Amino acid sequence: MECEGRTSRLDRERVERLGSPLARRVELYAEVPSTQERAKELAREGAPHGTLVVAGMQTGGRGRLGRAWSSPAGGLWMSLVLRPEIPATHAPRITLAAAVGVAKALREMGVEAEIKWPNDLLVGGRKVCGILAEAGFGRSGGLEFAVLGVGINANVDPASVEGLGGTSLRAELGREVDLVRLLAAVLGGLEVELARLNDFEAIASDWRSLSCTLGRRVRVRRAGGVVEGLAVDLGPDGELVLETGDGRVALFEGEVERLR
């Protein structure tokens, strides 16, 4: 089903002409409950690496921890089936690599995107993009597939996201963006960074330079409670390292709030 209306530029023919190895197989929808859920279905059915699900709107989009994710018309809502040849223990690297790839793509467009640990992209402190990576493991415990979701507030009505602490590319650039060109830039950035998953220090170095979390005092809410401290580094497995009054703490999950 092709996208209609304002997102009609995101049509199958233009997407397939991109020739991206991350868009070998494309499912394109005007509206879908969740690109992430559809991509996971395809992954379980054996869909190959580079299967792309993209939609003009999601009615049941979600972010981390199962939270709802607003996905109105005008955004770029996509999920990718990946089958990277990496150890299962390296699966968390996918989120961080994706954040670097998308941030670089947005910066090339003139949007000064920064990374908020672990998976948000901000512009001027406001969210413009969310990233969600979920792994599927085989019976032996190896990484069978990963599904990478990227949601970008591209041409959405700024009023629909401002109340949620968000912004859009349209608001930042003062013009609408071509969704196919945006998709091409994002896929290109992801291709480069995902190819470096086994060279994580290179990814981590770029992540640090793009981060708006490091060097800040933060409060992190996680399942085990709340931790406050100075965010000082990104660990070898993508963990956030805080300097607290009780020493250094490594956090592998949590919601970060910047302290003034």
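Predicted model: local features only at pLDDT ≥ 70, side-chain atom pairs only at ≥ 80, totals over all residues.
## The second largest pocket

Lining residues have an atom within 4 Å of a point. The volume of the pocket, taken as the space filled by probe spheres set on the points, is about 390 Å³.

The elements that give two or more residues to this lining are α3 and β6 (126–137), and β6 gives the most, with five residues. Helices are DSSP runs of H or I with at least four residues, and strands are runs of E with at least two.

## The nonpolar cores

A nonpolar core is a set of buried Ala, Val, Leu, Ile, Met, Phe, Trp, Tyr and Cys residues joined through side-chain atoms within 4.5 Å, where buried means under 20% relative accessible area (1.4 Å probe, protein chains only). Of the 64 residues in the largest core, Met78, Val102, Leu182 and Leu190 touch the most other members, and the largest share, nine residues, comes from α3. A second, separate core of eleven residues includes Tyr29, Ala39, Leu42 and Phe145.

## Basis of the values

Residues are numbered from 1 along each chain as its sequence is written. Local features need pLDDT of at least 70 and side-chain atom pairs pLDDT 80 or more, while totals for chains, interfaces and linings use all residues, and side-chain values use heavy atoms, with hydrogens and water left out.

Notes: Buried < 20%, exposed > 50% of the residue type's maximum accessible area, 1.4 Å probe, protein only. 1 Å grid on protein atoms, 1.4 Å probe; cavity = no way out; pocket = protein on both sides within 12 Å on 5 of 7 lines; lining within 4 Å.
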